[in-house]
Amino acid sequence: MGSRDQGRLWDQLGDGLTDFDRWLKTHDGHYELRRWIFTGRSGSLVGVVIRHENPDPPQQLIMRVGAGGPDEVRRLRNSWRLSPTPYRDAHLAQLEGEPIDLRHRLLVFQQIAGGDLTTNRALADDIESDEFAETCTGITRSIVADWNPDFPHRPEPKTAGAYLRDLLGDRLEVGSELMESAARAGIDPDTEWILSSRGKRQLPNPLRLALDDDLAGPRQAMIVLGRAHGDLNVNNVLLPADPAAYRLVDLGEFDTAAPLARDPMHLLLSIAAKWIATVDWSLVGHDLAQAIVPIRNHQPPRGVGRFAKVSREMHGALQRWAASSGIGDIWAEQSLLSLIAAALRFAGRKVPGTDHEAARRWFFYLAAVATSEFLDLWLDEGEAPANVVPIRPGLITTPPVRAVPDNDATTFLRALRDEVTMHKPDPDTELSMVSSTSMLRAILGQIPAARPPLTGEIVTMAEDLRRELTAATRTGATYADREHALKVHGWLRELLATPL
């Protein structure tokens, strides 16, 4: 009959301890519980035990009491069974024996990753290392490429909204932490546009993208599938002396047909969550968002150099991997959508070491920046859906939103002129209303399909705008990206070509 030590650490099992003691009566061996450890947000109890069963030598094991029931145990087992042998031997740990039922929670024993707890540290512990960017880049590329040398699952077509709903699940339901956090920030899921933290830039609402399939149109993204961890973060990647021999733990959400871009984007934001707890991120929040979102034609952000390097190298390595198979454009879309989903997940949780509400709002801002870039990329491929056009005020803070007139071309051009000529570079965002392609489409969509008569005032304003935008593209002014300024310029040229 088996036995265990009588220390108080076992009390963490609660009523399940009775079931464990009953199981011991049917097995041999003695179990010493050394300590409890924390590996992530899974809700599982994870401890370190020493098992001795004569005549075998003592063996140290991880004891995990999961919160996910039989499905979690199945995924843990499959993470070993269904992974390529070279990858699992190098980076995973195998289960020992069969699960034990503890009052509807299942206890499993698992081998120690790498065989020695003292030689492993969490990835989070290396965040200030000079080699951190290189370490993260190698790990993310290996998780995507080495874990998936074969692709038994073909890419799956999904609308942008359907993909986000898959990744966010019940977080999009009324009453969830995410939706409650959005409500406290004054964000209505039905609103197409929201304001940034200083009220200077309007951004598309990521919740609307997730909940309304019409926002991004009927076109479908091709989602690349494969083996993935399911909750990859800086606490469940363990590093030995050589980071290339990293180990993954806490694999209770493993899947063989998961979206491959999900894990790297969640890992990137778990790094950001650690980083913002150590800096005055209220001063660098915009630059940090720009560093995380792979924005085309954008200057590298200032003030977040170390993190910008991590993000840039992770994105670059993954994009090169995808491009090697000719799916670079497919990966870019899936990566941005996965980034939106990850940011919304963090917007619905408490980030340790931060002002929780402020951090949640920043992650929501990050999701909105990623949504803007996604729509820029997505809508460049086809016509913008009609219902992207209305602008209704949703607020991350409380500044008022000035709506663009529906059918008054003169007033519209005056508003557009004000945006270009009067809103000088924003010290926070360095972007104006017209610097987002998705916002530009919405603004221009307000002009009636039938061209209005060109009054003298319209001609004067349009010519003034052309001169301003021409100067902007020549001098490199920061308030409008050159590509976007040229789009406005082209529309004005078309307008002025209309006969009087």
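1. Contact here means heavy atoms within 4.5 Å. This is a predicted model, in which local features need pLDDT of at least 70, side-chain atom pairs count only at pLDDT 80 or more, and totals for chains, interfaces and linings use all residues. Residues are numbered from 1 along each chain as its sequence is written, and side-chain values use heavy atoms, with hydrogens and water left out.

2. Helix 6 against helix 12. Glu-177, Ser-181, Ala-182 and Arg-184 in helix 6 touch Glu-357, Arg-360, Arg-361 and Phe-364 in helix 12. By class, this contact has two nonpolar, one polar and five charged residues. (Ala, Val, Leu, Ile, Met, Phe, Trp, Tyr, Cys and Pro count as nonpolar; Asp, Glu, Lys and Arg as charged; the others, Gly among them, as polar.) Helices (H or I, at least four residues) and strands (E, at least two) are DSSP runs, numbered from the N terminus.

3. Geometry of that pair. The axes of helix 6 (residues 177-184) and helix 12 (residues 356-379) come within 10 Å and cross at roughly 95 degrees. Axes are lines fitted to C-alpha atoms, for helices over the stretch in contact; angles run from 0 to 180 degrees between N-to-C directions. The two helices are therefore roughly perpendicular to each other. (Under 35 degrees counts as roughly parallel, over 145 as roughly antiparallel, 65 to 115 as roughly perpendicular, the rest as oblique.)

4. Helix 8 against helix 10. For helix 8 (residues 262-276) and helix 10 (residues 305-323), the axes come within 11 Å and cross at roughly 175 degrees. Helix 8 and helix 10 are therefore roughly antiparallel. Their contact divides into eleven nonpolar, two polar and no charged residues. Among them are Leu-268 and Trp-275 in helix 8, and Phe-307 and Met-314 in helix 10.

5. Strand 5 (residues 95-102) and strand 6 (residues 105-111) run antiparallel, joined by five bridges. Two strands pair if DSSP finds at least two bridges between them. Asp-101 has Leu-106 in strand 6 as its bridge partner. Two residues lie between the strands; Arg-103 in the turn has a positive phi of about 50 degrees.

6. Three strands, in the order 7-13-14, form an open antiparallel sheet. Strand 7 (121-122) and strand 14 (247-248) each have a single partner strand, so one side of each lacks a neighbour in the sheet. Leu-238 has Arg-247 in strand 14 as its bridge partner.

7. Confidence. The protein chain averages a pLDDT (the predictor's confidence in each residue, from 0 to 100) of 78, and 71% of the residues score at least 70. Residues 382-408 stay under 50, with 73 contacts beyond four places in sequence. Where pLDDT is low, the predicted coordinates should not be read in detail.
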